[in-house]
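This briefing goes through one protein model, topic by topic, for a reader who has the sequence and the coordinates to hand. Please keep the structure open while reading, so that each residue can be located as it is named.

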Amino acid sequence: MLCRKCKKEIPKENAFCHYCGASQTEPVKRKRRRANGKGTIYKRGYTYTAMKTRFIAGEKEVITKGGFVRKKDAEDWLASESFDRLPRKTSLTFKELYKEWSEIAYYGLSDSRIGAYKIAYERCKPLWTYRWNDIIAMDMQKIVNEQADTYYPKRDMRNLMSQMAKHAIENNYFERNYAQYIKLPELIEKETPTFKPEEVIALWNDYQKGNDFTGYIILMLFTGMSCGDLMAQKTEDIHLDERYMIGGVKTKKRKTTEIVFPEILKDVIKKLAGENMLLEMSEETFRKNFALALERANVRQLRPHACRHTYLTRLALADVQAAIIQEMGRHTNYKTTL
């Protein structure tokens, strides 16, 4: 037979050529291996599958893509696909996750909704230092039960944790939304009380005695403004001669619809308005002064929202059409007015 290398005639039984020393055994074709970190390609049936494995903080992550007819297509995919994604944040605490979520979620939300979320977050303080991935439904339910007494605060806490859970799921930090299992108490709707005519007169008398703050309560009773509306009202948007102002919170309707006020309130508004804003104090201070004013005038301790409810109720009792009340109350939804 002929030598595999020098092509000279040698005995058939020779394992090596006695001329050049070359081995006469058929070489085994070695399987090509991809370099470490470049991924793996294997055949499944009639197609090829590309796979890449990496470890992040001790956690194994495998990414695969199959269905390639040609091996070269799988190689091209491995070469073009970027696997340098940011590591999964599996160790975020409740506080850290809230900070990351709120920086994104608070854009576009109303001040009242942001305020509700912030209050709910403060109620969740016992969970702040816990890893989010270690908090289960039972933990959330326990905090909701302990930190809130009524339906709406409990609901706000559940909504907050549910939104945070969705953010964690969307960014592959976690896989489940345990907040959806939080149980809330039955909602018992109570009719909002209104100020009686004699109480309104008592408050007016208190203002005329020199108690300027009571003027804000009078203003709320005769315009339907809320505490938030007062704090959001810019002085430059108050038109005393035309007897209207533009401003408000919550909805676009509230922010753009004119707030009409009677002639008798012109001097009150002129006296109360600051250089930049109609009301320049925190909500906490406002509520404290509100309660003190009611006590001083010997009036029932009602919530500030009762002023707006009184305004709309008095319009209804005066047989004003519901469509007009909707406009004066700056309601977006007609059902709210009804």
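The protein has 14 helices and six strands, and the model described here is a predicted one. Of its 338 residues, 36% count as buried. Among the contacts with a separation of 6 or more, 52% are between residues 24 or more positions apart.

**Helix packing around α3**

- Helix α2, which spans residues 94-105, and helix α3 have axes that come within 12 Å and cross at roughly 170 degrees; with angles over 145 degrees counted as roughly antiparallel, α2 and α3 are therefore roughly antiparallel to each other.
- In this pairing, α2 contributes F94, K95, Y98 and W101, and these meet Y117, K118 and Y121 of α3. Sorted by class, the residues of the contact of α2 with α3 are five nonpolar and two charged, with no polar residue.
- Helix α3 (residues 111-123) also packs on helix α5 (residues 151-170), at an angle of about 90 degrees and with the two axes 9 Å apart. Angles of 65 to 115 degrees count as roughly perpendicular, and α3 and α5 are therefore roughly perpendicular to each other.
- On the α3 side of this second contact are R113, A116, Y117, A120, Y121 and R123, while α5 supplies P153, R155, D156, M157, N159, L160 and Q163. The contact of α3 with α5 is made up of seven nonpolar, two polar and four charged residues.

- S162 belongs to helix α5, and S162 is buried because its relative accessible area is 14%, where buried means under 20%.
- When neighbours within four places in sequence are left aside, S162 is in contact with N177 and A179.
- N172 is located in the loop between α5 and α6, the latter covering residues 197-208. Although N172 is not a glycine, its phi is positive, at about 65 degrees.
- N172 has a relative accessibility of 35% and so counts as partly exposed.

**Strand β2 and residue A50**

- A50 is part of strand β2, residues 47-56, and with a relative accessible area of 0% A50 is buried.
- Beyond its neighbours within four places in sequence, A50 is in contact with T40, I41, I63, T64, K65, F68, A74, W77 and L78.
- The C-alpha atoms of A50 and G66 are 6.1 Å apart in space, while the two residues are 16 residues apart in sequence.

**The β4-β5-β6 sheet**

- Three strands make up an open sheet, ordered β4-β5-β6, in which the pairing is antiparallel. Its edge strands are β4 (238-239) and β6 (258-260), each of which pairs on one side only.
- Strand β5 (residues 244-246) runs antiparallel to β4 and is joined to β4 by two bridges; within this pair, I238 stands opposite M245 of β5.
- R243 sits in the loop between β4 and β5, and for this residue, which is other than glycine, phi has a positive value near 60 degrees.
- The relative accessible area of R243 is 31%, so R243 is partly exposed.

**Helix α13**

- Which residues of helix α13 (residues 322-329) are buried? They include I325, Q326 and G329.
- Viewed down the axis of α13, the buried residues fall within an arc of 105 degrees, and so they line one face of the helix. In general, an α-helix has 3.6 residues a turn, so residues three or four places apart point the same way.
- A322, also in helix α13, has a relative accessible area of 24% and is therefore partly exposed.
- Between the C-alpha atoms of A322 and L312, which are ten residues apart along the chain, the separation is 9.9 Å.
- Helix α13 is followed by R330, and the phi of R330 is positive, near 55 degrees.

Definitions and conventions:
Residues are numbered from 1 along each chain as its sequence is written. This is a predicted model: local features need pLDDT of at least 70, side-chain atom pairs count only at pLDDT 80 or more; totals for chains, interfaces and linings use all residues. Side-chain values use heavy atoms; hydrogens and water are left out. Axes are lines fitted to C-alpha atoms, for helices over the stretch in contact, and angles run from 0 to 180 degrees between N-to-C directions. Helices (H or I, at least four residues) and strands (E, at least two) are DSSP runs, numbered from the N terminus. Angles under 35 degrees count as roughly parallel, over 145 as roughly antiparallel, 65 to 115 as roughly perpendicular and the rest as oblique. Contact means heavy atoms within 4.5 Å. Ala, Val, Leu, Ile, Met, Phe, Trp, Tyr, Cys and Pro count as nonpolar, Asp, Glu, Lys and Arg as charged, and the others, Gly among them, as polar. Two strands pair if DSSP finds at least two bridges between them. Buried means under 20% relative accessible area, exposed over 50%, partly exposed in between (1.4 Å probe, protein chains only). The arc is that of the directions from the helix axis to the C-beta atoms.
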